[in-house]
Amino acid sequence: MTPKDFFKFIKENDVKIIDLKFTDLLGTWQHCSFPVTAWDENTFEEGVGFDGSSIRGWQGIHNSDMVALPDATTMCLDPFFAEKTVSVLAHIVDPITKEYYSRDPRYVAKKGVEYLKKTGIADQCFIGPEAEFFIFDEIRYEQKQNTGFYQIDSVEGAWNTNRIEEPNLGYKPSYKGGYFPVSPTDTYQDLRGDMVLTMLNLGIEIEAHHHEVGTGGQCEIDMKYAELLKMADQLMWFKYIVKNIARRVGKTATFMAKPIFEDNGSGMHTHLSLWKNGTPLFAGDGYAGLSDIALYSIGGLLKHAGAIMAFAAPTTNSYRRLVPGFEAPVHLVMSQRNRSASVRIPMYSTNPRTKRFEFRCPDPTCNGYLTFTAILMAVIDGIVNKISPGSPLDRDIYDMTEKELEGTPKVPASLGRALRELENDHDFLLKGNVFTPDVIETWIDYKYEFELKPLSLRPHPFEFHLYYDS
């Protein structure tokens, strides 16, 4: 798709508005809209100016001018505007140096793929994330000097079996009882279907959708694997579509990792494989049918997992999910078929094209551009340095005792610990100038300053239960 093709499409489809989108450091889309008459082919060379100081984790106010350079290959009709609108994604450029901006997550991912090719290891990295989410009927929350609370409600919530619904018909998925029920217990079949059809219309290939384990409307839609940069783009569309389709019918969707107490959280199990010259590289004669390259890949991932978690599980709430007993892996080991291990090797098929590993620790609050690229960089480090993944742990880890698990490494127990891991272990991310020091420093500083520190100052509602009458 060239700029000429872009404007041909606009004319042929009677498009009125162009919507320019880009991703901030934390992984949220930003956008600005223009009448089609405001752009011409030169726009794709000169870009569009904006205030970089108003974007999280980006420029200081004294260096605020930035340029968004549209990528014509990403254009598509946006499904959520009244007037016909074409959306196009952008890379970010410094207006003075004309260099791509180091803190643009999309540029980080682009560099990661280029670095993989330069190593000669592979020329394609395929990613397949399984992003879970909740659909609620209402969410209320407040945080002031004298008030702090949240309240969730869902027509599917197990806590609503006695609610006056005139009439209450039951069929509420129980806690941890929401996996694969048919209707009427699964009330979101048609809504997920609308989400899937919208994704398909935008060219996003979908493999399946279903209700997930949690009560209160937990769902999952699985995209077919795609190359890393394309999948990171698709994950942004995925979240956008899920939220907007839910809102269209008076619902609200969240990708928050652990919104409901005493039930499963939402993960984003991430599948990865490497290919070269059209040939998959992960099939072999080793453990679980893996090649040496695949095993070294897992070794690199397990070695650097603590640092990767700062991107892959990037919120304080992420670590409410990563606890024993709620189907979230906390032990950094590999195992075939085993969903209690942090790295699972799926065994559904013997076809070499399907051979991959699944990293089960990420959650969908992450920035896909940074998370997928960080995982790739660990994989490359593992292959280059022939890092062993250690022995597999082919047991139900959830049923093992602390004594049996003594010495088995775990994921960080909090965001603060994950950030310290990243501080101490990030040289592998700097290879090929993929991540730059300012990206890592800004990420760590932002998380401490705007998330960890403010949270540490606020009383928790449960503290009143524990301590008010002390």
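Mentor: Gly-170 has 28% relative accessibility, so this residue counts as partly exposed, a class lying between buried (under 20% relative accessible area) and exposed (over 50%), with a 1.4 Å probe and protein chains only. The model is predicted, so local features need pLDDT of at least 70 and side-chain atom pairs count only at pLDDT 80 or more, while totals for chains, interfaces and linings use all residues. Residues are numbered from 1 along each chain, and side-chain values use heavy atoms, without hydrogens and water.

Trainee: Where is the place of Gly-170?

Mentor: Gly-170 sits in the loop between β9 (148-153) and α4 (189-201), where helices (H or I, at least four residues) and strands (E, at least two) are DSSP runs numbered from the N terminus.

Trainee: How are two packed helices described?

Mentor: One gives the angle between their axes and the distance between the axes. Here the axes of α6 (residues 292-312) and α8 (residues 368-384) come within 6 Å and cross at roughly 140°. The two helices are therefore oblique to each other, as angles under 35 degrees count as roughly parallel, over 145 as roughly antiparallel, 65 to 115 as roughly perpendicular and the rest as oblique.

Trainee: Which residues have the most contacts inside the largest nonpolar core?

Mentor: In soluble globular proteins, nonpolar side chains tend to be buried together. The largest nonpolar core has 124 residues, and Phe-435 is one of those with the most contacts inside it, as are Phe-6 and Trp-39; such a core joins buried Ala, Val, Leu, Ile, Met, Phe, Trp, Tyr and Cys residues through side-chain atoms within 4.5 Å. A second, separate core of 6 residues includes Val-333 and Leu-393.

Definitions and conventions: Axes fitted to C-alpha atoms, helices over the stretch in contact; angles between N-to-C directions.
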